[in-house]
Amino acid sequence: MSKPVSKVREAKLELYRKSGKIHAKAVGGKFNNLRWAVVWLTQIIFYGACWLGWESQGVTRQAVLFDIAHEKFYLFGLVLWPQDALLLAFVLIIAATALFLVTALAGRLFCGFACPQTVYTSIFVWVEAKLEGDHLARLKLDQSPMSWRKAAIKLGKHGVWFLIAAWTGITFVGYFTPIRELLASIADFGTGPWETFWLVFYAAFTYIQAGLARESVCQHMCPYSRFQGVMFDPETANVAYDGQRGEPRNLRRHAAGAGDCIDCGVCVQVCPTGIDIRDGLQYQCINCGLCIDACDQVMDKIGTPRGLIRFASERELAGQPKPGGKRFQRRVAAYAGLLLLCTGMTLWTVSQRSLLMVDVLRDRGALLRETADGAIENSYTLKLMNLDEMTQEFQIEVSGVPGLQIVGASRFSADPGSIRAVPLTLLAQGEQQLSGIQPIQFRIFALNNPAAQAQEKSSFVLP
C-alpha cells in the first residue's frame, strides 16, 4: 500500500518541480528568522546610509558618497582619493578571503543569507505572497485563464515591484549623486545622462533579477555556484540529508525497518531553487536552511529527534569524527590568517595615511649652476598634493648638505584636493668638503595640521 502512495507523492513532487516558475512554500524557523534578520540589516544599511549627514569644516555633507566628479570618496570623517586605491585593493581582498573562509566552514552561507539576489528575491516573494496568497494560491492563479481579477492582482504586484526596484535604483545612484539633490533633479526631470542611465539600468536589473529571474540566477547564471566545488571538501559543512537515518523512506513511520523520513516532500516544497536535498549535494543549493526548518517541524510532529536534514559534512554523515582533518585545519587557518593580516594592514594603512603627498623632481635641463659668488644651485619641482578638505599652508625644509638653503620663499599654500607644482631652487656654498652627488632630504609639513607632513629623498649635485 505504501508503494503506490509513495509513487503518487513522487509524481506530485516532479510535477511541482517541473511546472515552470517555482512557488516555494513559506516556512518558519530559526534559519528563516535569520534570513529575514539579514534582509532587514542589509536593507537598513543600504537604504539608510545615503541619508546620513556629516558636518565638516562647518558644512554638512552626505556621510557616504562616491564623488566621482571631484575624485573623492567620503566615508563619514574619512576622505579618500584615487591615490588611496591600495585601500580598495585591501577591502576587495578582505571580502574575497572572508567569503572563502565562510565557504570552507559552512558552504554557501553567503548565497543563502546575504547575497543581494537572495535578499531582493525574498522581498519580492514576500510582496507576491501578500497580494496573491500562499504558494498553492499563487500556483493556481498562474495556471488559471486570464480574467479581470487575475489582471488586477498581477498589475498590483508588478506595480509594487516596480516601486521597490525604482527606489532601489534611486538609492544606488544616491551614493554617487547626493540623494537630496538627485530627488530634486528627478522631480524636475533634470537628471544627467549618466544618472538617467544608471537609474533605469539598476531599477530594471533589480526588477528582472529579483522579480522574474529569481532562482534561475542561482541555477544558471551565478558563477559562484559553478566553482564552489573546488572550495569544498569532506570536512565542509553543508545543508545535507542524513540518508543513514532517513532511509528507507516510508509514510508509515512505525513500519518495520523504516527510516525517519516519511517522504512528505515538504523539504522540496520550501526550497527556493526547487531541488530535493535528499538527492545529495547539488550546485543549485544555496544553503538557506529552509528545508531544515521544514523538516524539523515535521520531526516534531511525529515525535522524532530533529536533524534529519541539518548542516553536516560528508565525514559526519558517514559516521566519522566531526571536521578536524589536517587539510581542513590548514585551509581554514590559511584563510583566517590571510583575513587577519589584510585587516590589520588595512587598519595600519588608514592610521598611517598622510594628508600630504609629495613628489620631488630634479630639473633635467642642468645638473647644477654656479653663481657669480661661487655658490652652487640645483633646481627642483615639488608636486604637493593636499588631501585635506581645507586649504593648507605648507612649510618646506631641506637638510643633508652643510649650509643648504632654499632660495626665495619656503612657504606655499595648496587648495583642498589640489596638486600644486612648486619650483624650488636650493643653494649651497661653493667651498664644501663634499663633492659629487650628495643625498638630501625634503621635509614638508602643514603649519595648521601636524599630521599633514611628508619626507622625500633626493640628491644635490656638487662640483
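A residue counts as partly exposed when its relative accessible area falls between the buried limit, under 20%, and the exposed limit, over 50%. Gln 429 has a relative accessible area of 42%, so Gln 429 is partly exposed. The structure discussed here is a predicted model.

Gln 429 sits in the loop that joins strand 14 (419–428) to strand 15 (436–446). Apart from neighbours within four places in sequence, Gln 429 is in contact with Ala 375 and Gln 405. Glu 370 is 59 residues away from Gln 429 in sequence, and the C-alpha atoms of the two are 9.7 Å apart in space.

## Helix 2

Helix 2 covers residues 30–49, a run of 20 residues. From its first C-alpha to its last, helix 2 reaches 28 Å, close to the 28 Å expected at 1.5 Å a residue.

The buried residues of helix 2 are Phe 31, Asn 32, Arg 35, Val 38, Val 39, Gln 43, Phe 46, Tyr 47 and Ala 49. Among the elements against which these buried residues pack are two strands, strand 3 (64–67) and strand 7 (309–312). The helices they pack against are helix 4 (109–114), helix 5 (116–132), helix 7 (148–173) and helix 14 (290–302).

## The largest pocket

The volume of the largest pocket is about 690 Å³. Its lining has 20 residues, and those closest to the centre are Thr 42, Ile 45, Phe 46, Pro 116 and Tyr 175.

Helix 2 gives the most to the lining of the largest pocket, with 5 residues. Helix 2, strand 3, helix 3 (85–106), helix 4 and helix 5 each supply at least two residues of this lining. By class, the lining of the largest pocket has 18 nonpolar and 2 polar residues, and no charged ones.

## The second largest pocket

The second largest pocket holds about 540 Å³ of space. It is lined by 29 residues, of which Ala 24, Arg 35, Ser 122, Val 125 and Leu 290 are the closest to its centre. Two or more lining residues come from each of helix 2, helix 5, helix 6 (135–143) and helix 10 (215–221).

The largest share of the lining of the second largest pocket, 8 residues, comes from helix 5. By class, the lining of this second largest pocket has 13 nonpolar, 9 polar and 7 charged residues.

## Gln 117 in helix 5

Gln 117 is found in helix 5. Its relative accessible area is 11%, and Gln 117 is therefore buried. Not counting residues up to four places away in sequence, Gln 117 touches Gln 209, Ala 210, Arg 214, Val 217 and Cys 218.

## Aromatic pairs

The count of aromatic pairs comes to 18. In one of them, Phe 31 and Phe 311, the ring centres are 5.6 Å apart and the planes stand at 40°, so the pair is tilted. Phe 31 lies in helix 2 and Phe 311 in strand 7, so the pair ties together parts that are 280 residues apart in sequence. Phe 31 is buried, with a relative accessible area of 14%, whereas Phe 311 is partly exposed at 22%.

The rings of Trp 194 and Phe 197 have their centres 6.1 Å apart and their planes at 85°, so this pair is edge-to-face. Both residues lie in helix 9 (residues 193–213), 3 residues apart, about one turn of the helix. Residues three or four places apart in an α-helix point the same way, because there are 3.6 residues a turn. Trp 194 counts as exposed at 64% relative accessibility, and Phe 197 is partly exposed at 41%. Trp 194 and Phe 197 belong to one aromatic cluster with Phe 66, Phe 73, Phe 172, Phe 176, Trp 198, Phe 201, Tyr 202 and Phe 205.

## Backbone exceptions

Most residues other than glycine have a negative phi, and most peptide bonds are trans. The peptide bond from Glu 247 to Pro 248 is cis, with omega near -10°. Pro 248 lies in the loop between helix 12 (243–246) and helix 13 (266–269).

Phe 76 is not a glycine, yet has a positive phi of about 55°. Phe 76 lies in the loop between strand 4 (72–75) and strand 5 (78–80), and is partly exposed, with a relative accessible area of 34%. Phe 189 also has a positive phi, near 55°. Phe 189 is in the loop between helix 8 (179–187) and helix 9; with a relative accessible area of 79%, Phe 189 is exposed.

Key
Residues numbered from 1 in each chain as written. Predicted model: local features only at pLDDT ≥ 70, side-chain atom pairs only at ≥ 80, totals over all residues. Heavy atoms only, no water. Helix = DSSP H or I, 4+ residues; strand = E, 2+ residues; numbered from the N terminus. Expected span 1.5 Å × (residues − 1). Buried < 20%, exposed > 50% of the residue type's maximum accessible area, 1.4 Å probe, protein only. Contact = heavy atoms within 4.5 Å. 1 Å grid on protein atoms, 1.4 Å probe; cavity = no way out; pocket = protein on both sides within 12 Å on 5 of 7 lines; lining within 4 Å. Points joined across faces, edges and corners; volume = space filled by probe spheres on them. Nonpolar A, V, L, I, M, F, W, Y, C, P; charged D, E, K, R; others polar. Phe/Tyr/Trp six-rings, centres within 6.5 Å; stacked < 30°, edge-to-face > 60°.
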